[in-house]
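Please open the structure in your viewer and keep the selection tool at hand.

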Amino acid sequence: MRSVENDLKHIVSFSGGKDSTAMLLLLLEQNKPIDEVVFFDAGSWDFPEMRHHIDKVEKYTGVKITRLQAQKSFDYWMFEHLVENGKNKGRVGYGFPGVKLRWCTREKIRTINNYMSNNYKTISTYIGYAFDEQWRANKNKDKSNIYPLIESEISENQALAMCYNYGFTWDGLYEHFRRVSCWCCPLQQISELRKLYNLYPDLWKKLEDMQKRTNSYFRMDGKRVEDLTKRFEAEKLQISLFNNDEAYTQCGIMKT
Ligand code: SF4
């Protein structure tokens, strides 16, 4: 562990998505002070395209991106961790994260906070909330945060356009998804999961394999991954029967 730095340091909170990527590019354009760029590495839960994107940003900007990994992987918490307290005492593995038991976010925050307190005394963090997400900044009480996209009035769409202009495409992820964090997130919209099923069959197969290893429900409404597989398969059949072009596009189904 390196010694704790006393001076105020400027840290870029970098998720790798369009907003934080646009923010980093903007900060570099504006010559703002940057001491470290920090990315939480969710391991096999990150889209492979995201890992490629991080390498590409690092190469293009010449700025080193610190990849933080939790002490134990998300797979460990999901399948192996022995719960020792509370109403789930004795259970092995938390199962899929949910709104009430969002253990993945807890691990992510813990990892980042530990890293910061072990390395810095005073930090100011750049956060990539877009201009049309000001409510998120208003909710955050930490006065040391800086919101460059809000200050420059850059919306989510403009952030994406800016990234595309610089040549960052995430190998097409944003053509299909609104959010590109963990591909297996149970909290994402059904429309996004439908696209995962139709366009990323290898990842969907992995999701089915994850479900086989846990009794927990995938979705808050009690649905398991195989329920969604059946639903999407039936929808696909229906769409092909009616040969509706718009439905093909919305579901991300390749017309054959
Ligand atoms: S994207 Fe979903 S699965 Fe990933 S850390 Fe966030 S809540 Fe958890």
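The radius of gyration is taken over C-alpha atoms, and the globule rule used with it is 2.2 Å times the number of residues to the power 0.38. With 256 residues, a compact globule would have a radius of gyration near 18 Å, and the protein, at 20 Å, agrees with this. This is a predicted model, in which local features need pLDDT of at least 70 and side-chain atom pairs count only at pLDDT 80 or more, while totals for chains, interfaces and linings use all residues. Residues are numbered from 1 along each chain as its sequence is written.

**The whole protein.** Of the 256 residues, 25% are buried. A residue is buried if 20 or more other C-beta atoms lie within 10 Å of its own, exposed if 12 or fewer do, and partly exposed in between, with C-beta atoms placed from the backbone.

**The two domains.** Next, colour residues 7–176 as domain 1 and 189–256 as domain 2, as the domain assignment gives them; such bounds come from an automatic or database assignment. The centres of domain 1 and domain 2, taken over C-alpha atoms, are 27 Å apart. Domain 1 brings 8 residues to the contact and domain 2 brings 10, where two residues are in contact if their C-beta atoms, placed from the backbone, lie within 7 Å. On the side of domain 1 that touches domain 2 there are 4 nonpolar residues, 4 polar and no charged. Here Ala, Val, Leu, Ile, Met, Phe, Trp, Tyr, Cys and Pro count as nonpolar, Asp, Glu, Lys and Arg as charged, and the others, Gly among them, as polar.

**The ligand.** Select the residues that surround the ligand, including Trp45, Arg102, Lys108 and Cys182; a residue is near a molecule if its C-beta atom, placed from the backbone, lies within 6 Å of it. The shell divides into 7 nonpolar, 2 polar and 2 charged residues.

**Two loop residues.** Which residue lies in the loop between helix H6 (148–151) and helix H7 (156–165)? Select Glu153, which lies there and has a positive phi near 55°. Glu153 is exposed, with 10 other C-beta atoms within 10 Å. Move on to Trp170, in the loop between H7 and helix H8 (173–176). Trp170 also has a positive phi, about 55°, although it is not a glycine. Trp170 counts as buried, with 23 C-beta neighbours inside 10 Å.

Conventions
Helix = DSSP H or I, 4+ residues; strand = E, 2+ residues; numbered from the N terminus.
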